[in-house]
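Here is a friendly walk through one structure for anyone meeting it for the first time. Have a look at the model, then read on.

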Amino acid sequence: MALQLTPPKKIIALEEHSALTSLGAGESVPFYAHALATFPAAAAKLFDLGAGRLHDMDAAGITLQVLSCTAGVGVSNPDGCRGANDELAAAARTHPSRFAAFAVLPMAFPEAAAAELERAVSELGCVGALVDARLPDGTHYDAPAYWPVFATAERLGVPLYLHPAPPSPEEIAARYAGHYSPRMAAGLASGGWAWHADAGLGFLKMCAAGVFDAYPKLKIVLGHNGEMVPAMLERASATMRKFGDGGPKRMPREVWDENVWVTTTGMYTMESFAMLLKVTKVERVMFGTDYPYDDLREGQEFVKALAGSGLLTQDELEDFAWRNAEKLLDIAV
């Protein structure tokens, strides 16, 4: 029987979503418009950067949330991103012991995205950025046109969190519809499968293109236990060696160990966590909840279960719950 550990002293949660008046909650994005109508309770919580959110955090034992903008709503809107980042920074200033902020960036305009990252970190105090893992047309960020964002992030020493992007109605119909309800198809096109695979592919394409050769100190965060990459890490590395024509120099296995951090957002089983630890250093694994799409209490129960699982030592539990994030983001809680 595993030794029952003491609950962690603090908990920092990453991938904690919000909606900002400068960009909205995604009403203009068909996937989110449907999701917001289907889950009205989550929709109401998105806009709350005050008492209601703090109440939920207190009830679940969350010390600090790293706020981020809902994915898919800012990718093509430079002015909206500027306004949203001002709002996120204001929330963090109002509650500095409870909130930090990831900037939202207009990745469809990479030069503008790089400039906004510079402003958000240097002037507003953001601790990095959470960006869509692809553009609405499916474009990932392996092309050199997007590398100014990576150069800026590396120079500033802040992470880029690659978050799955919402699927289009056409994509859902073409690839994920079947002999089940449209709601089930939307689930398979998002959290049930597709957007994890797509975000993982975006990371692998960055590796293949040599992004991490060019920016060896770039910091990347992947949510949801690594967006399926851990299960394919060795296979992907071996395949790139076989098909690579001499490049890239740094394969996914090396990049994973030196440039990547992972959060457990929405992945609350001991089996999946144990699998993640097989290929990921524990000092690069962090806690997250996907709030408000997932209930903070599920994350709380997961941490409690981890404390009795035997998978972590007491020091490692503290690292996972808050110290790894504190170190990566250069914050103090």
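Predicted model: local features only at pLDDT ≥ 70, side-chain atom pairs only at ≥ 80, totals over all residues.

S7 belongs to an open sheet of five strands, ordered S4-S5-S6-S7-S8, with parallel pairing. At the edges stand S4 (129–132) and S8 (285–286), and each has a single partner strand, so one side of each is left without a neighbour in the sheet.

Now for the neighbours of S7. It spans residues 260–263 and is joined to S8 by two bridges, the two strands running parallel. With S6, the pairing is also in the parallel sense, over three bridges. Val262 shows up in both pairings: its bridge partner in S8 is Val285, and Val262 is also the bridge partner in S7 of Leu222. Thr263, meanwhile, stands opposite Met286 in S8.

There's a helix here too. H13 (residues 252–259) lies across S6 (220–222) and S7, and runs at about 75° to S7.

**The other sheet**

Three strands make up another open sheet, in the order S1-S2-S3, again with parallel pairing. S1 and S3 (99–101) are the edge strands, each pairing on one side only. On average, neighbouring strands of this sheet are turned by 35° against each other, direction ignored. S1 is joined to S2 (residues 64–69) by five bridges, and the two run parallel. In that pairing, Ser18 stands opposite Cys69 in S2.

Two helices lie across S1, S2 and S3. One of them is H3, running at about 135° to S2; another is H4 (residues 78–94), running at about 155° to S3.

**Where H3 meets H15**

H3 passes H15 in a right-handed crossing. On the H3 side, the contact is made by Asp56, Met57, Ala59 and Ala60, and on the H15 side by Leu296, Arg297 and Gln300.

**Cysteines without a bond**

How many disulfides does the model have? The count comes to zero. A disulfide is a covalent bond between the sulfur atoms of two cysteines, and the cut-off used here is 2.5 Å between the sulfurs.

| Cysteine | Closest cysteine sulfur | Sulfur distance | Relative accessible area |
|---|---|---|---|
| Cys69 | Cys81 | 7.2 Å | 3% |
| Cys126 | Cys81 | 11 Å | 4% |

For Cys69, the closest cysteine sulfur is too far for a bond, and for Cys126 the closest one is too far as well. Cys69 is buried, and so is Cys126.

**Out at Gln4**

Finally, take a look at Gln4, in the segment before S1 (12–18). Is Gln4 buried or exposed? At 54% relative accessibility, Gln4 counts as exposed. Leaving aside residues up to four places away in sequence, Gln4 touches Lys304, Ala307 and Gly308. Gln4 and Tyr161 are 157 residues apart in sequence, and 32 Å apart in space from C-alpha to C-alpha.

How values were computed. Residues numbered from 1 in each chain as written. Heavy atoms only, no water. Buried < 20%, exposed > 50% of the residue type's maximum accessible area, 1.4 Å probe, protein only. Pairing = 2+ DSSP bridges. Helix = DSSP H or I, 4+ residues; strand = E, 2+ residues; numbered from the N terminus. Contact = heavy atoms within 4.5 Å. Axes fitted to C-alpha atoms, helices over the stretch in contact; angles between N-to-C directions. Left-handed = near helix turned anticlockwise from the far one by under 90°.
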